[in-house]
Amino acid sequence: IQFKKLIMGTSKSFSALTKKMPNWPAFSSTVTRSCDGSQLSKEKGIEILSGYVTAIGGATKAGRGDSGVAGRSGIRTAIKLGGFFDAFIGSGGKVKEALKSIGFADFTDKSVADIINHLIEYSAGPSSTIDDKAAKEASRLLLEEIAGTANSIEELEAVLNHVFEKLTHEELIIKYFGYYILEHLSIWFYEKLVKDKGKNECTGLFRQIKDFIFESLRGVNKNRPLQNIKWGTEESDTLIKNIQQDVLTVFE
């Protein structure tokens, strides 16, 4: 909640951002009308998410990092997350070894929360723009979901190994981009909708938007293997851009 309050205090930068979105009035109106306490229909969900993709410049432009609204920070953060996941798998599922590879070497008195916070800072870095903040919050949501209820480094290691028994790199990065979209919508609309429509209606709408996003992403192309690539190279950059573009194309 504290982080969300922080990212909402950007009215001047946000006002400048909306000027880059030719569909902003109609898009904003669609989201506002949907915040009425009712069930979000599939048609309305499509209208909101397609409005989002149009607002950020389209799936190709934003997906490749060429939009001034969204996409660039998502790519940068996803590459860092992917690199950590790769280090974890490459270490044979040893979380301490993977963490050492990204600069987390002293585990004395460190909690799971300390590790997650380090991973967030490593992946997203400083947040100077709205896009940065969306990427950072999306990394937090993904990492906290992955960590689950782990209360120790040993439990975290077991949880991560279980995650990678069920999910591939690509599926986790796709999930990250789902959270990234959700966070843009939250930054743009949440605070205003709470004021105008009430917290219960707003919370209900965003819960349904989240469900709609992740249900829709079940069908995204998962055939862009991220294993056995060199992270931090042009190859990893291209593959992450491909995945983000695929995700956005689902809603275009």
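Trainee: Why is C35 called buried?

Mentor: Buried means under 20% relative accessible area, exposed over 50% and partly exposed in between, using a 1.4 Å probe and protein chains only. C35 has a relative accessible area of 1%, so C35 is buried. Before we go on, this is a predicted model, where local features need pLDDT of at least 70, side-chain atom pairs count only at pLDDT 80 or more, and totals for chains, interfaces and linings use all residues. Residues are numbered from 1 along each chain as its sequence is written, and side-chain values use heavy atoms, with hydrogens and water left out.

Trainee: How do you know that C35 is in no disulfide?

Mentor: A disulfide is a pair of cysteine sulfur atoms within 2.5 Å. A search of the whole structure finds zero disulfides. For C35, the nearest cysteine sulfur belongs to C202 and is 5.0 Å away, so C35 is in no disulfide.

Trainee: What makes C202 buried or exposed?

Mentor: C202 has 0% relative accessibility, so C202 counts as buried.

Trainee: And why is S73 called buried?

Mentor: The relative accessible area of S73 is 3%, so S73 is buried too. Leaving aside neighbours within four places in sequence, S73 is in contact (heavy atoms within 4.5 Å) with residues including T129, D131 and Y176.

Trainee: What makes the lining of the largest cavity nonpolar, polar or charged?

Mentor: Ala, Val, Leu, Ile, Met, Phe, Trp, Tyr, Cys and Pro count as nonpolar, Asp, Glu, Lys and Arg as charged, and the others, Gly among them, as polar. By class, this lining has 10 nonpolar, no polar and no charged residues.
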